[in-house]
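This briefing covers pockets and helix packing. Look at the structure first, then read the points below it.

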Amino acid sequence: APPASLLHGDLWTGNLIFDGAFQGLIDPASYYGDAEVDLAALTTFGTPPATFWEGYGPLRDGWQDRRPVYRLWIALLHLRLFGGGYRGMVETCLNAARA
């Protein structure tokens, strides 16, 4: 039962701004939940620079087991919106989650 965090809700590298010293987020769809949900979304189609992870700090034990479960929603959404090309992503998430 992680503490509730304010989530971006649509966090991916296209919604991050890294421009020298300025870092920002755009296009939020905010809600409260486990902070790892945003991190799973952020790393589904890319990864932020190392400075992001340095500033974020360590993750809770077991994050590797939770990440495919949190990515499953993204995979299902993309499957529904964009078609069968995302079926493999759904299957990968399910297999990684041992579902």
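Helix α3 gives the most to the lining of the largest pocket, with six residues. This is a predicted model, in which local features need pLDDT of at least 70, side-chain atom pairs count only at pLDDT 80 or more, and totals for chains, interfaces and linings use all residues. Residues are numbered from 1 along each chain as its sequence is written, and side-chain values use heavy atoms, with hydrogens and water left out. Helices (H or I, at least four residues) and strands (E, at least two) are DSSP runs, numbered from the N terminus.

**Largest pocket**

- A pocket is an open set of points on a 1 Å grid over the protein atoms alone, where a 1.4 Å probe fits, with protein on both sides within 12 Å along at least five of seven lines; lining residues have an atom within 4 Å of a point.
- The lining of the largest pocket divides into eleven nonpolar, three polar and two charged residues; Ala, Val, Leu, Ile, Met, Phe, Trp, Tyr, Cys and Pro count as nonpolar, Asp, Glu, Lys and Arg as charged, and the others, Gly among them, as polar.

**Second largest pocket**

- The second largest pocket holds about 220 Å³ of space.
- Of its 17 lining residues, H8, L11, L25, D38 and F52 lie nearest its centre.
- At least two lining residues each come from β1 (5–7), β2 (16–19), β3 (22–25), α1 and α2 (50–56).

**Helix α3 with α4**

- The axes (lines fitted to C-alpha atoms over the stretch in contact, with angles from 0 to 180 degrees between N-to-C directions) of α3 (residues 63–82) and α4 (residues 87–96) come within 8 Å and cross at roughly 160°.
- That makes α3 roughly antiparallel to α4 (over 145 degrees).
- Contact (heavy atoms within 4.5 Å) involves P68, R71, L72, A75, L76 and L79 of α3 and R87, M89, V90, C93, L94 and A96 of α4.
- By class, this contact has ten nonpolar, no polar and two charged residues.

**Helix α1 with α3**

- The axes of α1 and α3 come within 8 Å and cross at roughly 70°.
- The two helices, α1 and α3, are therefore roughly perpendicular to each other (65 to 115 degrees).
- Their contact has seven nonpolar, no polar and four charged residues.

Methods. Angles under 35 degrees count as roughly parallel, over 145 as roughly antiparallel, 65 to 115 as roughly perpendicular and the rest as oblique. Grid points are joined across faces, edges and corners, and a volume is the space filled by probe spheres set on the points.
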